Amino acid sequence: MLARIFPDRFVPVLLATTLFASLLPVHGAAVPIAQALSTAAIVLLFFLNGVRLPRDEVLHGVRNWKLQGAAFAYCFGAMALLGLGAQAALAALLPAMLALGFLFLGILPSTVQSATAASSMAGGNVAASVVAAALLNLSGVIVAPLLFAALAGSAGAISGAAALRIVAILLLPFFAGQVAQRWLRPWVLAHRGLATLMDRSAIAIAVYVAFSAAVVGGIWDLLDMREIAIGGAAVAALLALSFGGAWLLGGVLRLARADRITLLFSGAQKSIAVGAPLAATLFPAATAGMVLVPILVYHMAQLILSAWLAPLLVRRAGV
């Protein structure tokens, strides 16, 4: 039963992390230590991403410009506009930073492992999924903060210190991983389980530290049941629009069914692996947790939805 409710094991991990942060948030003298640990985990996460993402496959996959261009435009164009629209619609109904979290969700790149896995299970173009994930994440580290700054106005202004943090904590480790790929990628591929554990541990640490600061700042005092219900309904609506829009776009472009499936998961999924570190870099500790709430809920929901959609697509194709 648990496997059906939570098809991806990372969903209960995220739920447990937010619950643990709510009950036992880090505070006082432990905060600087926790933030330093979170920063180190983020650096490791982006270094491993740099090692893992294959440059050769990216170069070969760029030839499918129609699919890759559609995935890029949908992920950073249509989804960013959906997030901007959600923020505007919710501005009068939710706390400002929570509403801003919907725009933040919209500008994030796609997932890597889960989008590729869902595409594989659904009969999609797996090679194109790997390439799409690589392209979106390679560009997303730079595009996402710039896009957020452009759309969020004064709320998204990136200070010089924040820009330096993005370079030092996200970009430099990522490109160092790309440089070290020649030597380390075989080891990472041979130890996928350990690398995945390290990835998810880093994400959980970043989420725990960010959400702890939000709890200490009174997030549960700021949100009542009405606002929680509105936020949940907004995430559900955004999820339906994003997945439905990606599938419709694939039909309008007359993509082959396998490519259409790849566009569905690569375009509509959003990455907490980039979202949590980026929020910790862009926002003060007291507000980062509030901004992360929409992407946390969306990420867990998309994993469940994708795990249900994949076998449905297979059955409809008669496979």
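Arg 260 lies over the face of Trp 247, with 4.0 Å between it and the ring centre. This contact, like everything else described here, comes from a predicted model.

Aromatic rings also meet one another in this structure. A pair of aromatic rings is described by two values, the distance of the centres and the angle of the planes. The structure holds 6 aromatic pairs. One of them joins Phe 104 and Phe 148, whose ring centres are 5.9 Å apart and whose planes stand at 90°, an edge-to-face arrangement. The two residues belong to distant parts of the chain: Phe 104 is in helix H6 (residues 96-107), Phe 148 is in helix H8 (residues 126-152), and 44 residues separate them.

How buried are these two rings? Phe 104 has a relative accessible area of 0%, so it is buried. Phe 148 has a relative accessibility of 1% and therefore also counts as buried, because the cut-off is under 20%.

Phe 104 has another partner, Phe 283. Here the centres are 5.8 Å apart and the planes are at 75°; angles over 60 degrees count as edge-to-face, so this pair is edge-to-face. Phe 283 sits in the loop between helix H14 (272-282) and helix H15 (285-317), while Phe 104 lies in helix H6, so the pair ties together parts that are 179 residues apart in sequence. With 8% relative accessibility, Phe 283 counts as buried. Taken together, ring pairs link Phe 104, Phe 148 and Phe 283 into a cluster.

The last feature is an open space. Rolling a probe the size of a water molecule over the atoms shows where empty space is left. The second largest pocket contains about 340 Å³ of space. It is lined by 20 residues, and those closest to its centre are Phe 211, Trp 220, Ile 228, Val 293 and Val 297. Which helices supply at least two residues each to this lining? They are helix H2 (10-23), H6, helix H12 (225-252) and H15.

How values were computed. Residues are numbered from 1 along each chain as its sequence is written. This is a predicted model: local features need pLDDT of at least 70, side-chain atom pairs count only at pLDDT 80 or more; totals for chains, interfaces and linings use all residues. Side-chain values use heavy atoms; hydrogens and water are left out. Rings of Phe, Tyr and Trp (its six-membered ring) pair if their centres lie within 6.5 Å; planes under 30 degrees apart count as stacked, over 60 as edge-to-face and the rest as tilted. Helices (H or I, at least four residues) and strands (E, at least two) are DSSP runs, numbered from the N terminus. Buried means under 20% relative accessible area, exposed over 50%, partly exposed in between (1.4 Å probe, protein chains only). A charge sits over a ring if NZ of Lys or CZ of Arg is within 6 Å of the ring centre and within 35 degrees of the ring normal. On a 1 Å grid over the protein atoms alone, a cavity is a set of points where a 1.4 Å probe fits but cannot get out, and a pocket is an open set with protein on both sides within 12 Å along at least five of seven lines; lining residues have an atom within 4 Å of a point. Grid points are joined across faces, edges and corners, and a volume is the space filled by probe spheres set on the points.
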